[in-house]
Amino acid sequence: MRWIVLPLSLALALAGCAEAPEDREAAPDTMAAVALAAYDAAMFDTIAWDTELAALERGEVVYNYSCARCHGETGLGEVGIIRAGDTLHISSFQREDWPYTDDKAGLRQAVFVGTDEGMPHWGLEGLKPRDVDAVATYIMKVIRED
Ligand code: HEC
């Protein structure tokens, strides 16, 4: 009896193995891909601020608390944060060819999603859409126009 059961369970185990790689292919394979899958531009549709000043004040708090340690207080990115033994290369928010000058939606997405090169995935870190919106406004209106 045993010599029948054993090959059968082996065959079942092998069949199970054969399916696993397909499942893995369907899943996002980097944290940035996971964050991108969680991103939905509509999450910002219902956000409203009484005044732009209110958004800027909140954005300043978020920036100083969550961003300045890597990007620098004025966004120059000169801080020199070390990650896994390497100094992170962070471009200045002040540079001429900054891609988000007229693209708040793109900026919010970049903040929410992050990168696999050291920019945190803020959407996965729990930064609320309202705070992502506020910090985007702050970077566009204060950091950029300083
Ligand atoms: C742990 C360090 C770290 C923190 C904290 C951090 N960032 Fe970044 N950020 C980076 C790095 C590194 C890059 C460059 C990533 C790359 O090249 O892939 C980056 C890139 C960016 C970019 C794209 C840069 C560009 O000019 O093209 C934006 C926008 C950005 N960060 C916004 C933010 C905001 C807003 C916060 C705070 C909520 C923040 N970051 C916090 C490390 C950080």
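Which atoms in the side chain of tryptophan 98 is an oxygen atom of the ligand 3.1 Å from? The answer is an N or O atom of that side chain. Before going on, note that this is a predicted model.

Arginine 95 has a polar side-chain atom 2.8 Å from an oxygen atom of the ligand. For threonine 115, a polar side-chain atom is 3.0 Å from a ligand oxygen atom.

Now the surroundings. The ligand takes up the space of the largest pocket. Helix 3 (52-71), helix 4 (104-113) and helix 6 (129-143) are the elements that each give two or more residues to the shell around the ligand. Helix 3 has the largest share, with 5 residues. In all, 22 residues are around the ligand, and those that come nearest are Cys67, Cys70, His71, Arg95 and Met119. Sorted by class, 14 of the shell residues are nonpolar, 5 are polar and 3 are charged.

Next, the iron atom of the ligand. Which protein donors does the iron atom have? They are His71, through NE2, and Met119, through SD, at 2.0 to 2.2 Å from the iron. Histidine 71 belongs to helix 3, while methionine 119 is in the loop between helix 4 and helix 5 (122-125). The two are 48 residues apart, and the pair links distant parts of the chain. The iron site has 6 donor atoms, with angles of 86 to 179° among them, and is octahedral.

To recap, His71 and Met119 are among the residues that come nearest to the ligand, and both are protein donors of its iron atom. That is what I have for today.

Definitions and conventions: Residues numbered from 1 in each chain as written. Predicted model: local features only at pLDDT ≥ 70, side-chain atom pairs only at ≥ 80, totals over all residues. Heavy atoms only, no water. Near = heavy atom within 4 Å. Polar contact = N/O pair within 3.5 Å; in protein donor to acceptor, adjacent residues only side chain to side chain. 1 Å grid on protein atoms, 1.4 Å probe; cavity = no way out; pocket = protein on both sides within 12 Å on 5 of 7 lines; lining within 4 Å. Sits in = over half its atoms within 2 Å of the grid points. Helix = DSSP H or I, 4+ residues; strand = E, 2+ residues; numbered from the N terminus. Nonpolar A, V, L, I, M, F, W, Y, C, P; charged D, E, K, R; others polar. Donors = N, O, S within 2.8 Å, 3.2 Å for Na, K, Ca; no water. Tetrahedral: all angles 85-135°; square planar, octahedral: opposite > 155°, others 65-115°.
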